[in-house]
Amino acid sequence: MDKPDMKGAAPEVVCDRFTGEEWDRTSVHVPGEMALAIYVNRRELVTILCTPTKLNCLVLGFLYAEGIISGIGDVASMKVCEEDSLADVMLSDPKVELPAQRTLTPGCGGGASFKTREQRLDSDLVATPEEVLSLMKQFQEQMKLYRLCGGVHTSALSDTKNLLVVAEDIGRHNTMDKILGECLLKGLSTRDRLLLSTGRVSSEMLLKAAKMQAPLV
């Protein structure tokens, strides 16, 4: 198995493990975690507990999902510093009004959402049970961080035939934002796609899927 980037994602620690007869001192990988503070136009917006992978994707996806940006063109500059646990984003419009009321979402990672909004979409996308089962097999094979250390969620975006983008994180909401952000950076459309996730399909997850215009979850 190819190991994912170990820098912060799954640090190695020494621990005592009980094998059934005695304790054994060994080393294991554990899920990495950090508190990433996001600043927009010099103002602190939110702090997200996350796994330190694809942080630029996480920031962009979160801002898009919350309606703060409508596309990559709204971002004048972005600097993400893992060492300082800081993301500094400057928007093209310095007068953008940032949301003030925040809703804490359930689940690992302590997700945050600023507003609950109705999302509607129309789509003719269809996937057969055989296609879904095939995708789930591909999906499980791509859970590299989970297979290494456990304790993380995985989500993936698919065209019903292949997986287009895969993201892992301690928070299931973060995996969706990472997918959205990566698609923004790569110019990939999320419309009429199928989403796979290991996490509970909560209302916030469905809102993110609707924001992507992805009708199947």
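The following dialogue goes through some labels used for this predicted model and the values behind them.

Student: What does the chain contain in terms of helices and strands?

Tutor: It has five helices and eleven strands. Of the 217 residues in the chain, 42% are buried. The accessible surface comes to about 11,600 Å², and 48% of that belongs to carbon and sulfur atoms.

Student: Why is T160 called buried?

Tutor: Buried means under 20% relative accessible area. T160 has 8% relative accessibility, so it counts as buried. Its place is in the loop between β9 and β10.

Student: Why does K54 count as partly exposed?

Tutor: Partly exposed covers the range between under 20% for buried and over 50% for exposed. K54 has 33% relative accessibility, so it counts as partly exposed. K54 is found in the loop between β4 (43-50) and α1 (55-65).

Student: What is noted about the phi of K54, and what about the phi of T160?

Tutor: K54 is not a glycine, yet it has a positive phi of about 50 degrees. T160 is not a glycine either, and its phi is positive at about 80 degrees. Such values are pointed out because most residues other than glycine have a negative phi.

Student: How do you know whether L163 is buried or exposed?

Tutor: The cut-off for buried is under 20%. L163 stands at 18% relative accessibility, so it counts as buried. This residue sits in strand β10. Leaving aside neighbours within four places in sequence, L163 is in contact with L135, Q138, F139, Q142, A156, L157, S158 and L196.

Student: How many residues apart in sequence are L163 and L194, and what is the distance in space?

Tutor: They are 31 residues apart in sequence, and their C-alpha atoms are 9.2 Å apart. For the chain, residues 24 or more positions apart account for 54% of the contacts with a separation of 6 or more.

Student: What makes β10 and β11 edge strands?

Tutor: Their sheet is open, has three strands in the order β10-β9-β11, and is paired in the antiparallel sense. β10 (163-169) and β11 (194-197) each have a single partner strand, so one side of each is left without a neighbour in the sheet. Neighbouring strands here are turned by 15 degrees against each other on average, direction ignored.

Student: How do you know that β9 and β10 pair?

Tutor: Pairing requires at least two bridges between the strands. β9 (residues 153-158) and β10 have six bridges, in the antiparallel sense, so they meet the cut-off. As one example, T154 has E168 in β10 as its bridge partner.

Student: Why are α4 and α5 called roughly parallel?

Tutor: Angles under 35 degrees count as roughly parallel. α4 and helix α5 (residues 203-211) pack at about 5 degrees, with their axes 10 Å apart. That angle makes α4 roughly parallel to α5. The contact is made by R172, H173, M176 and D177 of α4 with E204, M205, K208 and A209 of α5. These residues divide into three nonpolar, one polar and four charged.

Student: Why are α1 and α4 called roughly perpendicular?

Tutor: The range for roughly perpendicular is 65 to 115 degrees. The axes of α1 and α4 cross at roughly 95 degrees and come within 6 Å. The two helices are therefore roughly perpendicular to each other. Residues of α1 including L58, L60 and F62 meet residues of α4 including L180, L184 and L185. The residues of this contact divide into nine nonpolar, four polar and three charged.

Student: Which strands does α4 lie across?

Tutor: Helix α4 (residues 172-186) lies across β9, β10 and β11, and it runs at about 140 degrees to β10.

Notes
Residues numbered from 1 in each chain as written. Predicted model: local features only at pLDDT ≥ 70, side-chain atom pairs only at ≥ 80, totals over all residues. Heavy atoms only, no water. Helix = DSSP H or I, 4+ residues; strand = E, 2+ residues; numbered from the N terminus. Axes fitted to C-alpha atoms, helices over the stretch in contact; angles between N-to-C directions. Contact = heavy atoms within 4.5 Å. Parallel < 35°, antiparallel > 145°, perpendicular 65-115°, else oblique. Nonpolar A, V, L, I, M, F, W, Y, C, P; charged D, E, K, R; others polar. Buried < 20%, exposed > 50% of the residue type's maximum accessible area, 1.4 Å probe, protein only. Areas by Shrake-Rupley, 256 points an atom, 1.4 Å probe, with all protein chains shown as cover.
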